[in-house]
Amino acid sequence: MKAIKLFALCAMVCMLAVSCKEKPAPVPESVPEVAQPYEPQDVQQLIDLTKIGSYNYYDAPMAAAATSVVVNYDEKVLYQPITIKYGYENGDAYTYTIPAEFGLWANENGRLRVVSDAEGTAWLQGQTKAGKFCEFVFYGNPKYNGKKIKPNSYRNLPAGEIMYCK
């Protein structure tokens with residue numbers, strides 16, 4: 001009889017242990033993240049004419065090569081703000097602004113000394129209102145960073161020509 005009671009007690013304890021086991025909490029289904037559309041950046045940089053030298057080289061502003069470069073100036077107004085705007089494949093833009101205290105020079109044929117090329121390099125030559133000579137070179141393709149150039153505002157008209165030195 002004792003054996004039956006002991007056996008019944010063991011059976012009850014086992015059933016109690018099995019029924020008290022915690023069930024694992026259900027794992028919530030992961031909600032896929034919705035990709036936010038890329039918001040193109042438009043970065044502006046004002047050139048500080050008090051901190052420039054005679055020859056000013058600006059490396060490509062981004063790691064990717066620019067897909068376009070546009071130099072905005074008025075041929076009839078020499079001292080005015082000049083913008084050099086780079087466009088990129090992802091919609092980004094980077095714009096340099098040279099203040100109105102800088103004016104472009106004309107070559108002997110009367111063409112302003114502004115040249116840009118398909119590689120995204122832009123070259124400008126002129127002077128400040130105080131008479132200081134200034135040359136600007138802006139690169140749009142990082143592979144040309146640090147390279148010197150030979151611009152020519154007489155060849156390949158009306159665009160001009162830029163030769164890269166080794």
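Two strands are taken as paired if DSSP finds at least two bridges between them. By that criterion, β3 and β4 of this predicted model pair in the antiparallel sense, over 5 bridges. Within this pairing, V71 has I84 in β4 as its bridge partner.

The overall make-up is 1 helix and 11 strands. The protein has 166 residues, and 33% of them are buried. Among contacts with a separation of 6 or more, 54% join residues 24 or more positions apart. The exposed surface comes to about 11400 Å². Carbon and sulfur atoms supply 58% of that surface.

The β3–β4 pair belongs to an open sheet of 4 strands. Its order is β1-β5-β4-β3, and its pairing is mixed. β1 (42–46) and β3 are the edge strands. Each has a single partner strand, so one side of each lacks a neighbour in the sheet. Neighbouring strands are turned against each other by 15 degrees on average, with direction ignored. Strands of a sheet pair through backbone hydrogen bonds, either parallel or antiparallel.

Inside this sheet, β4 also pairs with β5. The sense is antiparallel, and the pairing runs over 6 bridges. I82 is bridged to I98 of β5. G87 is bridged to A93, also in β5. The two strands form a hairpin with 5 residues between them. In the turn, G91 has a positive phi of about 95 degrees.

In soluble globular proteins, nonpolar side chains tend to be buried together. Here the largest nonpolar core has 23 residues. Those with the most contacts inside this core are I47, I84, Y86, I98, L124, F136 and F138. I84 is also the bridge partner of V71, and I98 that of I82. A second, separate core has 7 residues. Among them are V115, W123, V137 and I162.

Neighbours within four places in sequence are left aside here. F138 is then in contact with I47, Y58, I84, Y86, Y96, I98, G120, T121, A122 and L124. Of these partners, I47, I84, Y86, I98 and L124 are also listed among the core residues with the most contacts.

Charged pairs were examined next. Side chains of opposite charge can pair when their charged atoms come close. With a cut-off of 4 Å between a side-chain nitrogen of Lys or Arg and a carboxyl oxygen of Asp or Glu, the count comes to 2 salt bridges. One joins D48 and K51, with the closest N and O atoms 4.0 Å apart. D48 has a relative accessibility of 34% and therefore counts as partly exposed. K51 is exposed, at a relative accessible area of 70%. The other salt bridge links the side chains of R155 and E161, at 3.7 Å from N to O. R155 is partly exposed, with a relative accessible area of 47%.

Definitions and conventions
Residues are numbered from 1 along each chain as its sequence is written. This is a predicted model: local features need pLDDT of at least 70, side-chain atom pairs count only at pLDDT 80 or more; totals for chains, interfaces and linings use all residues. Side-chain values use heavy atoms; hydrogens and water are left out. A nonpolar core is a set of buried Ala, Val, Leu, Ile, Met, Phe, Trp, Tyr and Cys residues joined through side-chain atoms within 4.5 Å. Buried means under 20% relative accessible area, exposed over 50%, partly exposed in between (1.4 Å probe, protein chains only). Contact means heavy atoms within 4.5 Å. Accessible areas come from the Shrake-Rupley method with a 1.4 Å probe; for residues, only the protein chains shown count as cover. Axes are lines fitted to C-alpha atoms, for helices over the stretch in contact, and angles run from 0 to 180 degrees between N-to-C directions.
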